[in-house]
Amino acid sequence: MVTSLKFSATLAQSDPQNNAVVIIGQPKNLGLISFDDVRCKLEPRVDADTFNTAVAGLHPSPTDSCSLWLNNATVAALPTKCSRHNTPSRCHSLTKIVKSCLVGGDEYVVIVCERGDALASATAVGRALPLYTAKSNQGGGKRTVNVEFLLVGQYSDTPLSDTDIQCMAVAAENVRLAAKIVDIPCAEMHTDAFLDEVRRVGIDLGIQPVIIQGEELQKQGFGGIYGVGMAAIHQPALAVLSHKPSGATKSIAWVGKGIVYDTGGLCIKSKTGMCGMKRDCGGAAGILAAFHTAVKLGFRENLHAVLCLAENAVGPTAQRPDDIVTMYSGRTVELNNTDAEGRLVLGDGVAYAQKDLKADVIVDMATLTGAQSVATGRYHASIVTNSEDMELACVKAGQNSGDLVHPMPYCPELHFSEFASALADMKNSVADRNNAQVSCAGLFIGSHLGFDYSGVWLHIDMAAPVHVGERATGYGVSLLTTLFGELSTNSMLKFIAPSVNCSMETDENNSPKKQRLQ
């Protein structure tokens, strides 16, 4: 069954007998509304006393819910506690509640929240409704899940505008797009199929993608991408979508790791370690969908999506440990681990962003290391950046968007020696896996810009947040559109966006000059 999402700033009249409804909010927010605010969703099945008693009886630990009328009317409470490294929207719990309370058919989700939490809440609902399934019992048909908002607290006097609703709808659908790409197995979502997704986004935005594929990669010097994918039936590719509005003065590149399947190459993974490696394209999927969102909502500066696509396959032509490859940056890499392939394709991607696109700000996003989940856990991506301003802004954007992040050390003078090689400029895997492994993996990518790169570089390792259980999350779409929301014409993105200083030019004291992204 195909599920459509529809967002609204007002509550429509409905009867729980015909259309199920779940009302969700933090206890403090539910306490700010009255039965009259939701009467149109509950009558004639639920009266004021029943609703008020149910709300008063909610004691989330971490969540709680109460049925108001059979399974068709429910009120649910989000967690009360929220530490400083969590998202105020509690969107991870919101997704779980929506999944557990939906009953099928056309139904309603009413979210009671503050204005600043609306986008994170909207994408959380989208995350609960994945697009891909291969179950044989999923028949045809369509249904609509209507998501309606009741604003409370600060800034609630002004209702959500049409552009706010558009922002939530576009972002939620693109979270679902990113999750779909990651959920689909490699037999279907190979590099050529991924390129079809790129072309579809390009057609929708009126952008013709630049695609370099197969032997042409080798001819043009993309040794990293070509080497990783050259043993696969479906050829590796670099795909670029570029948005160039008139009056733009800045150039921003988002670079995504798109390993559609990672066997580990000749350094092959175990039979259990290989399961789930279809998700190794999560960075590129998130970048593609975030680009679609940002451009659709009106991005004022030059924006490029650079997607590095390959299948790390095993075969007679697969690259070997001890091989030396020449990257697009011109630097040489001695392979000591073919299962450290993501940094190779991204090294080419960021170099292309610097050399060909002349990007002032380069963000790479990848399911890069297993160490990420050890360092920052299942919910927070790890970030490495040469800019303190970008680091602080990214943390704030993560909290506002629900795609959480946490910083790792940026210290190339202490860590990059882990890649020392007697034969090439560097190896592709560290000597000591106990020495800041997440930072080191990011630094490998950054080295192909050069540690003297004058722009801002941000690395996002989202290996764990890319999925919850067996389902993809669409991670990165909300994060990137929020992080760069200052550069959008959309009012909602501007409202929740942090301020970012994008210039890394130094003054006479070799200190970074301050220059706002906008």
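**Legends: predicted model of the protein chain**

**View 1. Overall dimensions of the protein chain.** Along the principal axes, the C-alpha atoms fill a box of roughly 75 × 60 × 45 Å. The chain holds 17 helices and 19 strands, assigned as DSSP runs (helices H or I, at least four residues; strands E, at least two) and numbered from the N terminus. This is a predicted model, in which local features need pLDDT of at least 70 and side-chain atom pairs pLDDT 80 or more, while totals for chains, interfaces and linings use all residues. Residues are numbered from 1 along each chain as its sequence is written, and side-chain values use heavy atoms, without hydrogens and water.

**View 2. The largest nonpolar core.** This core has 66 residues, and those touching the most other members are F194, W254, L307, I460, L480, L483 and F484. Helix α10 (residues 282-296) supplies its largest share, nine residues. A nonpolar core is a set of buried Ala, Val, Leu, Ile, Met, Phe, Trp, Tyr and Cys residues joined through side-chain atoms within 4.5 Å; buried means under 20% relative accessible area with a 1.4 Å probe, protein chains only.

**View 3. Surroundings of L483.** Beyond its neighbours within four places in sequence, L483 is in contact with M390, A393, C394, A397, L458, P498 and V500 (contact: heavy atoms within 4.5 Å).

Methods. Buried < 20%, exposed > 50% of the residue type's maximum accessible area, 1.4 Å probe, protein only.
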